[in-house]
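I set out to record what can be read from the coordinates of this structure. The entries below follow the order in which I looked things up.

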Amino acid sequence: MGAQVLMPRSKQESHHRAPRMSQPSNAYWTHIDGLRGFALTLVVVFHVFVGKVSSGVDIFLFIGGLLFVSSQTKNALRPGGISFTQSVIRILRRLYPALIVVISVATVLSLVIMPPAQWLDILHHASAAATYHINWTFISEGSSYARAGSQADVFQHLWSMSIQVQIYLMLLAVITIIVSAMRCSPSSTKVINATVAVLSAASFVYAIYLNNTDQTNNYYNTFSRFWEIGLGSLVGVYLMGKVIMAPWLRWVSTIVGVTLIIGTGIVLNGVNQFPGALTLIPLLGAMMIIFAGTTAPGEKPTWKTMGVVSIFSTAPMLFLGKISYSLYLWHWVLLIIAKQVDWTPDSIAITGTAVIAISVVLAWATHKWVEVPLRQKAKPKRATLADMVLGRYSKKRRGTPLAMKFGAVATTMLVAIVAFSPMVYYQINRVGQSAQERLIDDLGGFEVAYPGAMALVENRPVPEGLNISPSPHDEAKIMLPPNQETGCFTDFDDMEIHLQDKDGKPCVYGEKDAKDSLYIMGGSHAEMYLPALDRIGKQRHFKVIVLVKMGCAFYQDVKVGDVPYPECVEFTDKVLDYVVKNPPTLGVFTTSTRPPTITGAGMETIPDGYVKAMRKLADAKIPMFLIRDIPWGTMPDGFFKDMRVCVSEAVSKGNDPNGVCGQKASDSLLPSDPSKSRYAGIPGITLLDINMGFINKDGWVMPVVGNVLVYRDAHHITNTFAETLTPMIDAQMFGESTVHPDAAPVASPGEPPAPEAPEAPPAEQPA
């Protein structure tokens with residue numbers, strides 16, 4: 001992964017032989033290049049064939065720190081050493097050309113193959129990857145249920161490159177500041193090493209803390225990952241070349257080291273564990289291999305003296321080490337493209353092998369024709385940023401080769417195109433929106449042009465020639481209810497009830513100053529009706545207060561992926577206690593049913609936790625409006641089907657989105673709402689059901705109704721569609737409608753009745 005960005009190259013590399021790392025003349029360290037190749041092989045194999053995270057990236061980061069601090073400290077103390085700016089340029093020249101080439105190719109391929117619904121995400125991620133901050137982008141998106149169920153894109157793996165460069169820059173800054181402050185005193189080395197040790201220890205503690213509190217943040221966080229590179233730097237400073245093992249111990253150390261590295265990937269789930277304390281296991285394995293391959297002064301490395309560690313110095317392993325950076329960049333891109341084009345259980349072996357083979361070829365070509373030609377080959381004359389800006393810098397060598405000039409211009413152009421592509425996309429979309437707005441005005445306004453649910457419920461006419469609203473090609477986050485933007489909700493890792501928004505204003509919707517009140521409780525499946533309840537509240541003069549936690553339906557103790565969710569149980573008790581002490585005048589609004597699995601597959605059911613919550617509310621004499629859940633979009637294998645993405649792809653291909661993306665309601669909804677029997681005997685309950693608003697008379701779930709997009713993902717409705725449900729929800733809540741909740745047939749008479757006491761089903765691992 002480009003870990004040895006500042007290490008001198010031996011003369012051997014110029015003759016296309018395996019490079020030696022910067023080292024004492026009596027040491028044999030080429031095995032570390034082979035170790036990097038071995039770690040990269042694990043990354044690729046686990047991604048392609050196992051579908052989980054190995055410890056390879058963590059080993060990359062560790063190896064990346066081995067000689068970084070020591071070499072940079074020596075450079076900073078050397079009178080003629082290159083400046084901070086030049087060091088940064090050297091890192092970027094080593095890493096950036098290959099990165100921007102892969103990002104550019106991946107962007108083009110993604111825009112050609114992926115549905116338009118994913119284009120904006122692709123462009124945002126490409127821009128973030130090109131500017132080395134995509135890890136922070138993933139942190140901001142990671143806990144957002146707006147992205148729940150969406151597949152990884154071609155830039156998912158580049159978080160590690162962003163972290164690596166960010167940490168390199170942090171270490172460079174620390175070294176430069178300390179050396180400058182101490183006026184190049186030889187004691188600077190001890191201070192630098194002590195500072196790196198303290199920062200690494202703090203990072204390690206922080207990683208353990210985040211592993212227990214916010215693992216999504218932990219996995220992508222630069223500061224929690226710092227210790228992996230920092231530990232490598234400390235090993236390089238204090239132990240490299242000093243730990244010499246006996247021949248028999250080298251055998252044992254290597255075998256144990258390899259076992260620890262491979263076993264970590266097999267036994268642990270790195271996404272849930274790294275970079276926490278368990279990351280020490282594969283890093284210890286890497287250290288054992290590194291020490292096993294270090295020779296004593298004057299010792300000749302042979303198979304007899306080195307043992308099995310010699311494998312890491314063989315030509316195949318050194319070749320993989322040499323192309324490891326480019327191979328890491330390419331393999332994930334090709335894997336995601338292959339999964340989009342042709343990836344079935346029967347084709348994994350052939351397609352996966354092809355992905356690896358093509359990745360190796362592309363990595364070799366990228367290394368030979370992009371990495372090596374644009375790499376800095378000679379030490380420049382020292383120059384600060386001011387020297388470069390003011391033109392006081394002259395290189396002690398011949399003019400810049402034509403290939404170098406071409407590479408610099410091409411790289412700059414690619415960076416500009418990728419970095420600004422989201423802005424260009426927005427502007428192009430805006431032109432089309434203006435034309436649509438004029439057409440809507442001519443038709444008589446938005447509600448006439450986009451009747452949504454009322455097209456089925458009240459047979460309102462549906463104008464032709466209009467784009468779907470909201471556009472399925474747009475990001476899901478613009479289809480969220482209004483409380484998401486203001487922060488009036490409790491996120492996955494939060495436990496506070498938010499009664500004030502981010503600006504300190506009350507989290508109140510509907511008629512904000514009204515005396516009467518209605519609470520929305522539960523999770524996102526109750527929250528998604530806020531746009532309709534907001535309108536009803538304004539019409540009927542009551543305020544709406546949101547008391548929801550993401551992914552937290554009443555007393556649900558698991559998340560997607562079978563991840564324990566005890567916070568939901570605790571939060572449910574906390575909210576119920578608040579509601580009982582501060583009762584709403586009109587009551588509470590929440591969901592009454594849910595699928596039996598965490599991915600939405602199976603026939604609807606009512607968990608015991610729901611009934612428990614309703615009984616507590618009934619005991620407190622609080623009225624309840626319980627709305628039946630909607631069908632979740634599921635694939636034949638039972639996993640999520642992102643309806644928005646499906647509609648986007650269908651529209652872009654000129655197909656009928658309802659025919660391509662719809663599904664039978666009877667696959668998930670019972671002939672009659674099971675709430676009628678399950679909540680029987682609990683007073684104060686009004687049952688609601690809006691499914692007839694997008695399930696046609698044949699029992700077919702319609703992802704697009706009345707020109708309006710129904711789903712924003714696999715199992716949430718869009719804010720626009722929720723608004724079109726306003727008349728139906730209002731009528732069912734306040735008894736002024738002839739529309740009965742069972743008006744739309746959803747299953748044949750032969751379907752089994754609702755279970756009386758369903759058990760809480762185990763969670764299923766999403767695709």
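Predicted model: local features only at pLDDT ≥ 70, side-chain atom pairs only at ≥ 80, totals over all residues.

Entry 1: I looked up the strand order and found an open sheet of 6 strands, S1-S3-S2-S4-S5-S7, with mixed pairing. At the edges I noted strand S1 (508-510) and strand S7 (685-688), each of which pairs on one side only. From one strand to the next the twist averages 25°. I then examined S2 (residues 517-522) and S4 (residues 587-591), which run parallel and are joined by 3 bridges. Within S4, Gly587 stands opposite Leu518. Helix H25 (residues 530-540) packs on this sheet and touches S1, S2, strand S3 (543-548) and S4. Its direction makes about 70° with that of S1.

**Entry 2: the nonpolar cores.** I recorded 81 residues in the largest nonpolar core, with Tyr529 and Phe694 having the most contacts inside it. Helix H27 (residues 608-619) supplies the largest share of this core, 6 residues. A second, separate core has 71 residues, among them Val88, Ile178, Tyr328 and Trp332. Returning to Phe694, I listed its contacts beyond four places in sequence; they include Leu456, Ile630, Trp700, Met702, Tyr711 and Phe721.

**Entry 3: a helix pair.** I took helix H4 (residues 68-77) with helix H9 (residues 188-213): their axes come within 11 Å and cross at roughly 145°. The crossing of H4 and H9 is right-handed. On the H4 side the contact is made by Val69, Thr73 and Leu77, and on the H9 side by Ser188, Thr189, Ile192, Asn193 and Val196. I sorted the residues of this contact into 4 nonpolar, 4 polar and no charged.

**Entry 4: cis peptide bonds.** I noted a cis bond from Phe274 to Pro275, with omega near 0°. Pro275 is in the loop between helix H13 (270-273) and helix H14 (280-292). The bond from Ser469 to Pro470 is also listed as cis, with omega near -10°. Pro470 belongs to the loop between helix H22 (454-457) and helix H23 (482-486).

**Entry 5: positive phi.** Which phi does Asn459 have, although it is not a glycine? I read a positive value of about 55°. Asn459 is in the loop between H22 and H23, and at 64% relative accessibility it counts as exposed. His541, likewise not a glycine, has a positive phi of about 65°. I placed His541 in the loop between H25 and S3; with a relative accessible area of 47%, His541 is partly exposed.

Conventions:
Residues numbered from 1 in each chain as written. Heavy atoms only, no water. Axes fitted to C-alpha atoms, helices over the stretch in contact; angles between N-to-C directions. Helix = DSSP H or I, 4+ residues; strand = E, 2+ residues; numbered from the N terminus. Left-handed = near helix turned anticlockwise from the far one by under 90°. Contact = heavy atoms within 4.5 Å. Nonpolar A, V, L, I, M, F, W, Y, C, P; charged D, E, K, R; others polar. Core = buried A, V, L, I, M, F, W, Y, C linked by side-chain atoms within 4.5 Å. Buried < 20%, exposed > 50% of the residue type's maximum accessible area, 1.4 Å probe, protein only. Pairing = 2+ DSSP bridges.
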